Structures are given as C-alpha cells and as structure tokens.
Amino acid sequence: MRLRNVTGSREAIADSPLVVQEPQEKKGHWREVFGNDHPIRIEIGMGKGRFIMDMARANPNINYLGIEKYSSVLIRGIQKLEADPLPNLYFIRMEAEEITSVFAKGEVDRIYLNFSDPWPKDRHAKRRLPSREFLRRYDEILIPDGVIEFKTDNHDLFQFALAELAPAGWKLMQMTEDLHHNEQMMQGNIMTEYEERFSAKGNPICKYIIAR
Ligand code: SAH
C-alpha cells in the first residue's frame with residue numbers, strides 16, 4: 001500500500017508515544033515495553049492497522065505490535081489509535097528484513113501476514129513476506145510451537161507460499177482457498193482492510209496456518 005507522501009508524517013511518527021522508537025534496542029526486552037509477560041503477536045505489513053487494532057481490542061491479554069515500512073501509511077494507523085487508545089498495542093516503522101535484529105529467539109508468539117505485496121517478478125521472490133528467506137527469519141524469533149497465519153486474495157502468491165513451506169521446514173496446519181465459505185477457519189476471523197475490499201469485489205480469500 002502506497003499513499004501519497006503525507007507531509008510531516010515522519011516527524012509525527014518520531015514524536016508519537018504509540019510508536020516504539022529504536023526498536024532494535026528493545027530486542028530481548030519486549031516484555032518491559034508492555035509491562036507484563038503476556039504473549040506478543042505481530043502483524044508484518046499492517047497497512048493502516050485496522051486488523052491489529054481490532055485484534056488488540058478483542059484480546060486484552062495478548063500484546064500486539066503492528067509493523068509497517070511506510071510512514072505515509074503508518075500515520076493513518078497512528079491517527080486511528082490516538083482516537084481509540086489500547087494499552088496492548090504499539091506500532092513499529094521498519095522494513096521486515098530487519099526483523100531478527102528487533103526480536104530475540106522465542107520473543108514472538110505468532111505472526112500475521114495479511115495481503116502481503118505479491119512482488120510478481122521472479123527476481124523479486126526473496127522480497128515476498130512468505131518466501132523461504134523470510135520463513136527462516138520468522139523461525140529465529142517465534143516460540144517453538146508458534147504459528148504463522150497468512151491471508152491473501154492473490155492466488156499466485158498463495159501457491160508460491162505453499163511451495164515454500166517444505167524447503168524451509170514448515171508444516172501446513174490448516175488451509176483454505178475460500179476462507180469466507182470455510183466455517184471452521186472463519187471462526188473469529190477479523191477482516192483486514194484489503195480483505196474487505198477484495199472480498200467485496202468477489203475475490204475468494206486464501207488462508208494458511210503453518211508451524212514447524
Ligand atoms: N495488512 C493490511 C495491508 C496490506 S498491504 C491489510 O490486509 O489490509 C501490504 C502492506 O505491507 C503495505 O502497507 C506495505 O507498505 C507493507 N509492507 C510490504 N512489505 C513490507 C516490508 N518488507 N516491511 C514492512 N512492511 C511492508
């Protein structure tokens with residue numbers, strides 16, 4: 001998601017108490033950021049953050065971190081969170097490739113990837129968030145029985161993501177290529193902004209849950 005450059009968004013992000021500044025310094029110390037030892041779940045590429053805000057509101061005993069690389073997108077999330085503050089949610093502005101310098105081994109309980117950028121060119125496959133390169137990074141930060149939940153309406157990206165599992169040592173726990181007609185996997189589903197937009201256009205939503 002790229003929005004027009006929003007004037008002053010970098011400054012507003014640097015000043016916001018809702019954003020964890022210098023996240024690398026928190027590596028191994030995320031419990032202290034929240035002031036409790038509840039599990040920490042992250043969404044990588046949160047966009048304007050509706051999903052992670054709804055998750056945090058629904059699950060007060062779980063801590064959430066929303067990660068987004070673009071200031072112009074993150075600023076929209078900050079504005080929404082300012083209007084409706086939540087004690088168990090912070091945002092981080094960062095590039096996901098840096099994830100292992102921000103979280104220590106076992107510090108993350110679950111990872112959500114929602115409507116990740118497809119990077120359709122073969123030579124950009126390594127940039128796809130469900131690629132084997134990223135799965136290796138997630139392996140370094142997730143608790144041993146932690147899971148990754150991935151949703152997309154992009155069928156090619158989903159097929160790619162499925163094919164990446166075995167080479168990277170991950171196992172498929174659950175999957176559907178039509179989430180909104182899968183009663184079991186729909187239980188407790190929280191829609192993301194993209195999910196609402198694309199399912200309204202009639203696109204089926206694919207989802208997997210994976211573990212090691
Ligand atoms: N999860 C939201 C937004 C999906 S769009 C939803 O489902 O509605 C994908 C988002 O991921 C964009 O906002 C994009 O800027 C962000 N993103 C893509 N690659 C990223 C990366 N490598 N690191 C951090 N954020 C990334």
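**Pockets and ligand contacts**

Tutor: In this predicted model, the lining of the largest pocket draws at least two residues from each of strand S1 (40-44), helix H3 (50-58), strand S2 (63-68) and helix H8 (193-200). The space in this pocket is about 480 Å³. Its lining has 29 residues, and Ile44, Gly45, Glu68, Asp117 and Leu129 are the closest to its centre.

Student: What makes a residue part of the lining of the largest pocket?

Tutor: A lining residue must have an atom within 4 Å of a grid point of the pocket. The 29 residues of the largest pocket meet that condition, and therefore count as its lining. By class, they comprise 13 nonpolar, 6 polar and 10 charged residues.

Student: Where does the ligand sit, and how do you know?

Tutor: The ligand sits in the largest pocket.

Student: Which residues are closest to the ligand?

Tutor: Among the 18 residues that surround the ligand, the closest are Gly45, Glu68, Glu95, Ala96 and Thr192. The shell has 8 nonpolar, 4 polar and 6 charged residues.

Student: What makes glutamate 43 and threonine 192 qualify?

Tutor: For glutamate 43, an N or O atom of the side chain is 3.0 Å from a nitrogen atom of the ligand. For threonine 192, a side-chain N or O atom lies 2.8 Å from an oxygen atom of the ligand. Both distances are within 3.5 Å, and therefore both pairs qualify. The ligand taken alone exposes 570 Å², of which the protein buries 98%.

Student: What lines the second largest pocket?

Tutor: The second largest pocket holds about 280 Å³ of space. It is lined by 21 residues, with Glu149, Gln187, Gly188, Asn189 and Lys207 the closest to its centre. H3, strand S4 (108-114), strand S5 (142-152), helix H7 (183-186) and strand S7 (206-211) each supply at least two lining residues.

Definitions and conventions: Residues are numbered from 1 along each chain as its sequence is written. This is a predicted model: local features need pLDDT of at least 70, side-chain atom pairs count only at pLDDT 80 or more; totals for chains, interfaces and linings use all residues. Side-chain values use heavy atoms; hydrogens and water are left out. A residue is near a molecule or strand if one of its heavy atoms lies within 4 Å of it. A polar contact is a pair of N or O atoms within 3.5 Å; within protein, one must be able to donate a hydrogen and the other to accept it, and residues adjacent in sequence count only if both atoms are side-chain atoms. Accessible areas come from the Shrake-Rupley method with a 1.4 Å probe; for residues, only the protein chains shown count as cover. On a 1 Å grid over the protein atoms alone, a cavity is a set of points where a 1.4 Å probe fits but cannot get out, and a pocket is an open set with protein on both sides within 12 Å along at least five of seven lines; lining residues have an atom within 4 Å of a point. A molecule sits in a cavity or pocket if more than half of its atoms lie within 2 Å of its grid points. Ala, Val, Leu, Ile, Met, Phe, Trp, Tyr, Cys and Pro count as nonpolar, Asp, Glu, Lys and Arg as charged, and the others, Gly among them, as polar. Grid points are joined across faces, edges and corners, and a volume is the space filled by probe spheres set on the points. Helices (H or I, at least four residues) and strands (E, at least two) are DSSP runs, numbered from the N terminus.
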